[in-house]
There are 2 protein chains.
Amino acid sequence: METVRVNLGSRSYDIALTHGATANLGAFVRAALPKTSSVLVVGDSNSWPHAESIQATLTRAGLRAGSAVVPAGEASKCLERLAGLYDALYELAADRSTAVVAVGGGVIGDLAGFAAATYNRGLPLVMVPTTLLSMVDSSVGGKTGINHPKGKNLIGSFHQPAGVWIDLAFLNTLPAREFISGLAEVVKYGVILDAAFFAYLESNSHAVRTRDPGALLRVVTRSCRLKADVVEQDEYERTGLRAVLNYGHTFAHAFETCGGYGTLLHGEAVSIGMECAAQLARKLGLIGDEFVSRQTKLLDALGLPTAPPTRWPADDLIAVMRRDKKAVGGQMRFILPTRLGEVKLFDDVPEPLVRTVLESAVSR
Amino acid sequence: METVRVNLGSRSYDIALTHGATANLGAFVRAALPKTSSVLVVGDSNSWPHAESIQATLTRAGLRAGSAVVPAGEASKCLERLAGLYDALYELAADRSTAVVAVGGGVIGDLAGFAAATYNRGLPLVMVPTTLLSMVDSSVGGKTGINHPKGKNLIGSFHQPAGVWIDLAFLNTLPAREFISGLAEVVKYGVILDAAFFAYLESNSHAVRTRDPGALLRVVTRSCRLKADVVEQDEYERTGLRAVLNYGHTFAHAFETCGGYGTLLHGEAVSIGMECAAQLARKLGLIGDEFVSRQTKLLDALGLPTAPPTRWPADDLIAVMRRDKKAVGGQMRFILPTRLGEVKLFDDVPEPLVRTVLESAVSR
Ligand SMILES: NC(=O)c1ccc[n+]([C@@H]2O[C@H](COP(=O)([O-])OP(=O)(O)OC[C@H]3O[C@@H](n4cnc5c(N)ncnc54)[C@H](O)[C@@H]3O)[C@@H](O)[C@H]2O)c1
Ligand SMILES: NC(=O)c1ccc[n+]([C@@H]2O[C@H](COP(=O)([O-])OP(=O)(O)OC[C@H]3O[C@@H](n4cnc5c(N)ncnc54)[C@H](O)[C@@H]3O)[C@@H](O)[C@H]2O)c1
Ligand SMILES: [Zn+2]
Ligand SMILES: [Zn+2]
């Protein structure tokens, strides 16, 4: 078992990484939350087999374990499903020590995490991510939330978990497209923070893509550590440092919005967004051709798309980017690479350049 | 103008106390939030005249000021009204620097505050309380939230305001019953923290009750300072210290729940709750008869009730107290006085004693 410690003062916690050792989750929860005697296990229709066995494990560990299932899919990140979790917590007679155990992908982590953040002004939360994306990204960092009909993740709050339990064996049931999508965030960490990790991915793309257990453990552990490093320095997204994690995301958000959620998976949109960001950085003279082609090649080797499936009007995409919640006063903001392993924030990119990148994105 | 500083590290803020000087609110907001260029002013149907003039004031100060009104009353602290505020923020094209300005009583402060806490993972919040209760209590301390069909304030989070603006002239339009209800929390501060303040209230009960401006300023300023002192020491209700503010509230919560919200105003329930708590403390030998009679006399002089309007079954009341969110593992918790100006937490009070207090409460 590997452990990644996230240091956030009184809100510090451990990320435990295992392969098929979830029988030990009860001990992990007891150690992280000695006062807790009841838990609500939340899952979706696809993560449910894992959630059910976790409910049984926690019951065996002496915890009173209720459960709640929501339909799989992004649409569950809504006020109605949130209200359903509040009801389930009430039915369980939850008190302030009752923990929410989120077993699923980012949808479950965000939804159940937000319920934990807001029920009784805050319940302890244990994340048990079951998708690659949620293991390397959404479970680490304390962002929780739901969608507004007009905007993704528009409603939410910061609420750090008391612990994160990663069992890589859960990935065995994950569909290939979902798995590959999660790799986009992994590549992102290499580009923005760690050139050596990027090189490791280049040399081991086959092992990673075929879910070799050793490669998986290395990739997920390193990704968690890199994200935790950033979160430790800018927990509430205030100093601007955390913004580096948005590499590729201003573009991705526009693709997701204009394409309608569901056309592209999040990681696929991020992959295309990183390609666009790299093109933009090259046009600005920040990086050279070699950077762009190494990134394109790696994304490609991992099975990720680097161009949108259809052409969306650049005007629409730009309108979304100006409204992006990271934008301030309607100004587009981009995180762009200056060399492999380093990115900076740019908020003065000429719009025509962005337009050129968007318009050439599909035709390559 | 008086100022009470709430010291919470990076979340510190000022409470400004004025009498009819709200023309200066624009400068106050600009000083507290130099980066803010737009605000959403939220009010209810009764506070609306004040909210409208504040919207005009802020517009004159160069801020883009949208507005949202909800119906007056506790029922507005619900998911539907919350969703309405999210919509209003979206329509305003709110970004992370957009401030929510809550103009109203505790209902508006809690609802608009929770919207601020959760939109875009946290917008700045300015509280402009217009009831006595909200001036001395709900605007200070960072608790925000809404009700669940099964429990009051069951959904919420901690979100400190960037500033609180108290204009005592707003109290001129407040109905007498609402004003008097707010005085219960004022008496509470004297009992739990400050015997001299309690004595001041005894000597000046007439001036206070008739809203003499000088007495009002003194009472509101001192109450804010006392609450701020507690909040500074236990911002997130973790060390147990903040629990002293719950004096009278375990009982009050049960009265409000069993009576149905609306029968008793919150302060009225707290007043009766303090009477019960004092009786309980006397039966436990913690205090003498003199304490009880001084408290009863002061509550009475201020026009506050000290017994429930009808007899509610003690079983029902006790059941609610065991489910109170401050209870842990079904154990009732009481904050009880040990002398004037000092209270302690007791979680081992014999149920029969509680029952006796409840059963004798109406018949006096
Ligand atoms: N909080 C954050 O910091 C953060 C960061 C990134 C993304 N997110 C959010 O995460 C969400 C995306 O996460 P996601 O990609 O995990 O989506 P997801 O939760 O929808 O999971 C993807 C699909 O895989 C299924 N699934 C989950 N685990 C499975 C398993 N072990 N076997 C088989 N199927 C399984 C799910 O039911 C779903 O159909 C988005 O809502 C996004 O906004 C949040
Ligand atoms: N967040 C906290 O720490 C905290 C603390 C105590 C109470 N609360 C909450 O506060 C709420 C009670 O607050 P409240 O007593 O202010 O209730 P309220 O907001 O409902 O106001 C009472 C009544 O006065 C009206 N009103 C408000 N200002 C007025 C004015 N200037 N002139 C005329 N009418 C006016 C309102 O429309 C309402 O009808 C409850 O929901 C309670 O849970 C919160
Ligand atoms: Zn992402
Ligand atoms: Zn109160």
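I began with A:Phe251, which, leaving aside residues up to four places away in sequence, touches A:Gly273, A:Cys276, A:Ala277, A:Leu280, A:Met321, A:Phe334, A:Val354, A:Val357 and A:Leu358 (contact means heavy atoms within 4.5 Å). The model is predicted, with local features needing pLDDT of at least 70 and side-chain atom pairs pLDDT 80 or more, while totals for chains, interfaces and linings use all residues. Residues are numbered from 1 along each chain as its sequence is written, chains are lettered from A in the order written, and side-chain values use heavy atoms, without hydrogens or water.

The rings of A:Phe158 and A:Tyr236 are edge-to-face, because their planes stand at 85 degrees, with centres 5.4 Å apart. A:Phe158 is buried at 19% relative accessible area, whereas A:Tyr236 is partly exposed at 29% (buried is under 20%, exposed over 50%, partly exposed in between, with a 1.4 Å probe and protein chains only).

The rings of A:Phe251 and A:Phe334 form a tilted pair, with centres 5.1 Å apart and planes at 35 degrees. This pair links helix H10 and strand S10 (residues 334-339) of chain A, its members being 83 residues apart (helices, H or I of at least four residues, and strands, E of at least two, are DSSP runs numbered from the N terminus). A:Phe251 is buried at 1%, and A:Phe334 is buried at 2%.

Conventions: Rings of Phe, Tyr and Trp (its six-membered ring) pair if their centres lie within 6.5 Å; planes under 30 degrees apart count as stacked, over 60 as edge-to-face and the rest as tilted.
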